[in-house]
Amino acid sequence: MAAPVAEDAPPLRALLVASVAVLLAAADTYVVVLVLPEMMGGVGLGIDQLQRGAPLISAFLLGYVAVLPLVGRLADLRGRVPVLVACLLAFAVGSLLTAGADTLTTAVLGRGLQGLGGGGLVPATLALVADRWPVERRGVPLGAVGAVQELGSVLGPLVGALILAASGWRAVFWANLVAAAVLGALLWAPRRSDPRLVALAAVSTGLTALAVLAPERLTSGVRTGLAFAPLAAERAWTAPVALAALGGWLALAAVWWVRHGGAAVTAAVDLPSAALLTVALSCLVLAFATSDPQVQVVADDAPLLLAGCAAAAAGFWWRNRRTDRPLVAPGLLAPRAAWGALVVNVLVGTALVAALVDVPIFARLTTASQDQVAAALELVQLLAAVPVGALLGGWLCRRTAPRWIAATGMLLAAVALAAMTRWDATALDGIGSAAVLVLAGFGFGLVIAPVNAALLAVVPDDAHGLATALVVVARMIGMLVGICALTAVGLRVFYLRQAEIGSPLTLCPQTPTDCPQFESATQAAALAELHAVFGGAAGCALVAAVLCAVLLRVDGPGRAAPGELVRVV
């Protein structure tokens with residue numbers, strides 16, 4: 001394998017800027033849930049057309065997951081900072097398209113680019129930490145990156161709500177554009193910049209802004225209006241100004257490719273393997289992300305998608321074993337801690353998503369006002385504890401074996417989730433529920449740095465980007481599959497309980513339209529559904545705790561200080 005290119009940026013500056021970029025992408029992931037109804041209205045969809053608006057979410061997930069292994073591998077071959085800059089560029093262009101979108105197609109394309117850029121920031125930043133800190137000192141910076149990423153889940157909805165109150169949903173993405181441009185410039189500034197890249201980036205950005213915004217003064221002009229008139233009916237992207245913007249971005253990509261040794265990178269990566277893995281992940285994401293968890297585990301076309309996923313995965317395995325330029329080097333995931341980190345992260349994602357989705361549902365079900373803001377505030381108690389746990393977990397890695405820290409974190413999360421299975425309709429009235437939520441968030445945070453530390457300790461230096469990308473993919477897959485599977489289990493419980501209730505006519509023959517007994521029984525059935533989901537999540541967390549203790553053991557030659565992480569050679 002080729003060694004990563006040496007970085008020119010100061011270590012602290014590069015890490016700080018990259019960490020803020022991770023915060024930006026994480027915040028965007030959560031803020032879209034808040035502004036989704038307004039976004040749908042902005043692209044011509046009514047609130048009753050929620051299914052048609054689903055691609056706004058699934059496109060982001062697809063961009064985030066599908067090409068992540070390839071991005072991680074490119075970070076290994078070309079260096080972390082160039083990939084970080086490219087990811088921020090993709091995120092900025094996606095934000096621009098989304099902010100100015102007046103059609104669903106444009107918004108979906110923008111969200112896909114945002115996902116691609118945002119997803120690539122995480123493994124490149126984690127690999128940057130591994131490159132610049134020795135193995136025994138990585139815990140704190142890895143914990144800091146994990147804490148910043150989780151902090152985005154807290155700040156995202158809050159900042160989004162403020163922007164939404166002051167302006168509109170488009171302002172959220174304009175803010176993303178500005179922030180991504182500033183961060184990209186800060187990363188790029190210490191490097192020797194090619195004037196051609198700067199000029200092309202400026203021109204392409206300007207043309208894209210004109211194409212997206214389409215100022216009325218220009219579009220209505222006798223001479224300038226022709227530049228905004230589509231060459232093909234109802235195809236806004238065929239307007240001359242849009243085609244010029246597209247040509248600018250293609251030229252920028254070509255110059256960047258040549259300037260940064262794209263031919264050498266292409267020669268070092270087996271593109272057919274990368275394409276097959278991308279197809280496999282795309283099919284898997286779409287099979288679960290486009291389903292309606294309230295009525296189905298997988299989407300209607302899941303059989304075809306899952307068959308395509310299996311075929312592409314088999315093709316990737318066959319191709320990757322036979323090419324002399326494998327995307328995933330043979331033996332990369334052979335160490336127990338390496339594949340163990342992937343398995344653990346799948347279970348962590350499954351347990352975490354249950355809390356993220358069902359705690360607000362529980363709050364709305366059991367509070368009289370059923371206020372969405374109040375439900376979100378309950379979830380904030382959990383989310384705010386995650387960064388604290390991540391920082392402490394990173395600090396403890398210098399003193400305790402990572403596997404025990406991770407196992408403790410997942411055990412705490414399992415205990416908290418198990419406690420949620422005993423919540424009744426009045427559980428949120430006292431401070432006990434707050435303690436449970438904080439305990440769960442702290443446990444989920446505690447596992448972040450140890451898992452990454454154990455993984456990075458057993459894979460070669462020139463594969464850190466790919467390895468961390470695979471861990472992120474594992475967690476996202478766990479979240480996608482977990483929410484569908486656990487919801488299906490919960491619904492099964494709900495339907496069984498509902499069948500035992502009977503009808504309002506039986507319970508309240510005199511006043512069937514106002515039957516407290518029926519309402520109480522229905523609420524109890526809904527609580528049983530949520531208890532089943534929390535119980536399943538607790539089971540996943542408990543299994544993850546055991547696997548952390550068993551699989552994340554990092555051994556190496558020589559003796560080490562107590563708790564010191566030793567590299568495998």
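This report covers aromatic pairs and salt bridges in a predicted model.

## Basis

Local features need pLDDT of at least 70 and side-chain atom pairs count only at pLDDT 80 or more, while totals for chains, interfaces and linings use all residues. Residues are numbered from 1 along each chain as its sequence is written, and side-chain values use heavy atoms, with hydrogens and water left out.

## Aromatic pairs

A search of the whole structure finds four aromatic pairs. One of them is Phe60 with Tyr64, a tilted pair at 5.9 Å centre to centre and 40 degrees between the planes. Rings of Phe, Tyr and Trp (its six-membered ring) pair if their centres lie within 6.5 Å; planes under 30 degrees apart count as stacked, over 60 as edge-to-face and the rest as tilted. Phe60 and Tyr64 are about one helical turn apart because they sit four residues apart in helix H2 (residues 55–66). Helices (H or I, at least four residues) and strands (E, at least two) are DSSP runs, numbered from the N terminus. Phe60 is buried at 4% relative accessible area. Tyr64 is buried too, at 7%. Buried means under 20% relative accessible area, exposed over 50%, and partly exposed in between (1.4 Å probe, protein chains only).

Trp169 and Phe173 make an edge-to-face pair, 6.0 Å centre to centre with 75 degrees between the planes. Both lie in helix H7 (residues 169–188), four residues apart, about one turn of the helix. Trp169 is buried at 8%, and Phe173 is buried at 0%. Elsewhere, ring pairs link Phe362, Trp423 and Phe534 into a cluster.

Arg80 and Asp76 form one of them, at 2.7 Å from N to O. Arg80 is buried, with a relative accessible area of 0%. Asp76 is also buried, at 0%.

Asp270 and Arg325 form a salt bridge, with the closest N and O atoms 3.5 Å apart. This pair links distant parts of the chain, 55 residues apart. Asp270 is in the loop between helix H11 (262–268) and helix H12 (271–289). Arg325 is in the loop between helix H13 (302–322) and helix H14 (336–366). Asp270 is buried at 0%, whereas Arg325 is partly exposed at 28%.

Arg325 also meets Asp324 in a salt bridge of 3.8 Å, N to O. Asp324 is exposed, at 70% relative accessibility. Shared partners join Asp270, Arg319, Asp324 and Arg325 into one salt-bridge network.

Methods
Salt bridge = Lys/Arg side-chain N within 4 Å of Asp/Glu carboxyl O.
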